Amino acid sequence: MSHSIPSGSRWRWYIVFFVAPATLIYTVFAIYPIVESLRLSLFAERDAVEAFVGIDNYKKLFTEPYWADQFWNAFKNNVWLFVLHMLIQNPVALALAAILSIPNLRGAATYRTIFFLPTLLSVVVIGFIWQLILSPLWGITPAFMNFMGVGKFFAPWLGLESSALTAVTLISIWQYVGIPMMLFYAALLNIPEETLEAARIDGLNGWSIFWKVKLPLILPTLGLVGILTYIGNFTASFDLIYTLQGGLAGPNGSTDVMGTFMFRTFFGFQAQLGDVNMGATVASSLFFIILIGVSVYLFGVQRRLQRYQA
Amino acid sequence: MRSNPLSSMAIHGVLILYSALALFPLLLIAINSFKSKKGIFRDPTALPLGELYSTKGYQSVLANGDFPLYFGNSLTVTLISLVLILLLGAMAAHGLTEYRFKGNGLLGLYLILGIMVPIRLGTVALLELFVKLGLTNTLTALVLVYTAQGLPIAIFIFTEFLKSVSGEIKDSARIDGLSEYRIFFEVVLPLIRPVIATVAVFSMIPIWNDLWFPLILSPGEETRTVTLGIQQFIGQYTVNWSAVLAALTVAIVPVLIMYVIFSKQLIRGITAGAVKG
Amino acid sequence: MATLELNNVVKQFGQVEVIHDISLSVNDGELMVFVGPSGCGKSTMLRMIAGLEELTAGDIQIGGKKVDHLPPAKRGIAMVFQSYALYPHKDVRGNLGFALRHAGMPKAEVTQRVDAAADILGLGPLMKRRPSELSGGQRQRVAIGRAIVREPEVFLFDEPLSNLDAALRVHMRVEILKLHQRLKSTMIYVTHDQVEAMTLADRIAVFRDGVVEQCGTPLELYKNPANKFVAGFIGSPAMNFIDSNVVNGCAEHAGQAVINMPDGDSNHAKVSIGIRPEDVRVKPDGILSGTVQVYEHLGGEAYLHLLLQDDQNLVVRTDADSAYRIGDTVRFDVIDSKLHLFGENGVALPRQLTS
Ligand SMILES: Nc1ncnc2c1ncn2[C@@H]1O[C@H](COP(=O)(O)OP(=O)(O)OP(=O)(O)O)[C@@H](O)[C@H]1O
Ligand SMILES: [Mg+2]
């Protein structure tokens, strides 16, 4: 509903009053910095002055081995992170949501509260908790695995090049499964009871209702969760990895992701000097990577999925 | 599926198992934070009773002395940002849904762009901006960034909700003689109360837990947030396990309390369709 | 209490004109009903009177004063909405007194007016409840009460009953009628339900596509509709229209002269004959006939849906104790004096009564 109210003057100040503050803060502290980063990526410091260098920074990032190796390593790790989240986190979330949305399930509210709990806690806290639990020093995990009879498979996963990234990812999944779960849960609850009853009358049972009715109906949420996972994976993964593995994302860069790479490039780390323009270049590359993902989602996935609605 | 006792048992089995997986690490930390170092290592899963009980860890956390400050900082930043996000977000959503004006649709699109483009990508320029403004190492910088970061989602959710609300109640208020400003504060704000909780929780979590911006924009001793403080504290005390565990527990508790207070409303908000795909 | 004048009112939304130059006047104390199909501009007109929409052209006067540039609260109107528009966070008393308190009226007077309104509407026991704790009918009554306490010059109702179930709708309709008789204030009532319009109105304005097709008392509209649209809209079941050729100054059907054309009218080769279901007499020696396709029995009366010889349809009212089967042939006469004639452009032709 929109309304035009008779008013003496053409200029309706109250509209300005309502939209200006948010627009202003958002423009200055969210949009401007991103645009400015894009601009900075086209400049470089030459003899202590900023000079326009076109796409030189990007060339450097993608061709000079020092940069390109790091970039593609981080990118590859991010892809693995994304794949694992899609393959484990989201199906688990969907399964939990499906179970929780069973009508009249006893204790549903309690379970829901518990499942969402880890999501609320700081990544720093979560990171340290798991670091302690997985630590060979404390011995909780080896003891537990001995108890289960699989003790010989224990390894200090977070410290091994081969397993560190996967271990970190599993921790992240453990923490964040609550968010897609809630989104699926809300979508499942939004399916009209009549639709499900109609399916029951058509002779479908619990399983087939889930696969043939509920799942198609919540496909748009599936798409949304997918794109949110994609975006979060490129930016939010910094916190956990920085906490667990430090700015160098060890061991030997095996857990380096775009976030940590960007951080190191911008601020420098230990011997490496910070570089504003290269930092901006990494950020801008990430911006385009995300843009591609979002475009695929908006123009490919979402549009197709929306057709199922209504 | 509904009344089959066997499948019902299986379902609860799965749920309880997952609950254990979600809770166990947290409980483990909380239990051991009340033990001496020896107790922590000798018997990690035992309850902190008898000779195992010790508050040494908490003593060293408190002795560090800065945690109240960190808490104060986090609380200040989170609360002020939250109020700004909710208020400015609701105002903008109201302005966008209630009035027809040139560029209305475009502005709406612009304002929710930030959902898809993470503000972290602008960190380089943000830092430069705050240096210019003389706002590095201030809580103000954090508040501004978090507000800008939280607005898009808030505006999106509020807008969706307001679209579903009948416009007649606002017209009715107009006939009752309320100004456009008072219509917002006296009619619209009470109307959106159910979604406010949802938006609040979703905005609050990333702010309270953020490590990136405190680390970059305000790493100074005076402006450290809990998250950053814990990160640094643990970095220093890795050998003092009691202290580390106590610090972790201290960091969990306030979030837990807020969650318990808000969880009912949060779930209600979500299931009311406030967060739609 | 006041008169209301609409002078050459035009409304455009962007490029689209939805109200085309409407002029209308509502007398003091009159209950005027705006009726018309969905999207024809009734609500828009009402909202312009209320001051919720700006006029593109023309002006509006209430009690002889131009109100175009007054905000809604200053126009001396009160409005009742379809969705009730109650404030969910205030109880019934709070809702009723809100506008008055806002206007700065002394507390005692607010209480007195609110109590008086509550009395009229029987809201006494509900004063402490929130809207969510009320039934649909009770909410509607609160919405009306909120209008009453303001003692407005003009009441505006926008489909106030369309969210209620059928029984309650009839009940509330009577209440509104009683209210009007009691308050004797000017009221404008928007509905798309022609039964509501017929029963409530002192006068009805029939809207179509942003123009007023006809304005008059319910009986005027029923007896002398200005055109096919109004004729089809007023009355239930709707008037039948039979396409007919004019032969020798007579409109005929299936070779049978039905009605004479008005004297000297030779401009029409084809006309529509308007026949209300209640103006047909079924009798064995009727000159016209049709086959029964549907037989609807409503208890007190019954309707036959007939297929005429040239594949046109006709709905006919019969008395309740007749019995018909599908496929029966029925003969009938029409009551000449009650027939209507419409030219090809839909405008009613003056009738020449014959026997
Ligand atoms: N804010 C608006 N912007 C653009 N067009 C509008 C607006 N409000 C109404 N219209 C258009 O004006 C026309 C009249 O609408 P209005 O609401 O007055 O119809 P109505 O007669 O009240 O119908 P109903 O019986 O369905 O309530 C419609 O075609 C509608 O689409
Ligand atoms: Mg309407």
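Figure 1. A:Phe17 sits in helix α1 of chain A. The model shown here, as in every view below, is predicted. With a relative accessibility of 34%, A:Phe17 is classed as partly exposed, because that class runs between the 20% limit for buried and the 50% limit for exposed. A:Phe17 belongs to a nonpolar surface patch that also holds A:Trp11, A:Trp13, B:Val83, B:Leu87, B:Tyr181 and B:Phe185. Together these residues present about 710 Å² of accessible area. Two or more patch residues come from each of three elements: α1 (13-40) of chain A, and α4 (67-98) and α9 (180-191) of chain B.

**Figure 2. The two domains of chain A.** Four residues of domain 1 of chain A and seven residues of domain 2 of chain A make the contact. About 440 Å² is buried between domain 1 of chain A and domain 2 of chain A, with 66% of it on carbon and sulfur atoms. On the domain 1 side, A:Ser37, A:Leu38 and A:Leu40 stand out: they supply 90% of the area that domain 1 of chain A buries against domain 2 of chain A, more than any other three residues. The number of salt bridges between domain 1 of chain A and domain 2 of chain A is zero.

**Figure 3. Helix α6 of chain A, around A:Ala143.** A:Ala143 lies in helix α6 of chain A, which covers residues 140-148. Its relative accessible area is 44%, so A:Ala143 is partly exposed. A:Phe154 is eleven residues away from A:Ala143 in sequence. The C-alpha atoms of A:Ala143 and A:Phe154 are 9.6 Å apart.

**Figure 4. Chain A as a whole, for orientation.** Chain A contains 14 helices and four strands. Its C-alpha atoms fill a box of roughly 80 × 75 × 30 Å along the principal axes. Chain A has 310 residues, and 57% of them count as buried. Its accessible surface is about 13900 Å², and carbon and sulfur atoms hold 67% of that. Of the contacts in chain A with a separation of 6 or more, 65% link residues 24 or more positions apart.

**Figure 5. The interface of chain B and chain C.** Chain B puts 18 residues into the contact, and chain C puts in 24 residues. Chain B and chain C bury about 1700 Å² between them, 59% of it from carbon and sulfur atoms. B:Glu168, B:Ile175 and B:Asp176 provide 40% of the area that chain B buries against chain C, more than any other three residues. The rule finds three salt bridges across the interface of chain B and chain C. A salt bridge also joins B:Asp171 and C:Arg47, with the closest N and O atoms 2.4 Å apart.

**Figure 6. The two domains of chain B.** Chain B is assigned domain 1 (5-60) and domain 2 (67-236). The distance between the C-alpha centres of domain 1 of chain B and domain 2 of chain B is 36 Å.

**Figure 7. The domain boundary in chain C.** Chain C divides into domain 1 (4-233) and domain 2 (240-342). Their C-alpha centres lie 39 Å apart. C:Tyr222, C:Lys228 and C:Ala231 give 75% of the area that domain 1 of chain C buries against domain 2 of chain C, more than any other three residues. Eight residues of domain 1 of chain C touch six residues of domain 2 of chain C. Between domain 1 of chain C and domain 2 of chain C, about 620 Å² is buried, and carbon and sulfur atoms give 59% of it.

**Figure 8. Chain C as a whole, for orientation.** Chain C has eight helices and 20 strands. Its C-alpha trace spans about 75 × 45 × 35 Å along the principal axes. Chain C has 355 residues, of which 49% count as buried. The accessible surface of chain C is about 15600 Å², with 48% on carbon and sulfur atoms. Among contacts in chain C between residues at least 6 apart in sequence, those joining residues at least 24 apart make up 66%.

Terms used. Residues numbered from 1 in each chain as written. Chains lettered and ligands numbered in written order. Predicted model: local features only at pLDDT ≥ 70, side-chain atom pairs only at ≥ 80, totals over all residues. Heavy atoms only, no water. Patch = residues over 30% accessible without salt bridge, like charges linked within 9 Å, V, L, I, M, F, W, Y side chains within 5 Å. Areas by Shrake-Rupley, 256 points an atom, 1.4 Å probe, with all protein chains shown as cover. Salt bridge = Lys/Arg side-chain N within 4 Å of Asp/Glu carboxyl O. Buried < 20%, exposed > 50% of the residue type's maximum accessible area, 1.4 Å probe, protein only. Domains from an automatic or database assignment. Contact = heavy atoms within 4.5 Å. Buried area = accessible area lost by both parts, 1.4 Å probe.
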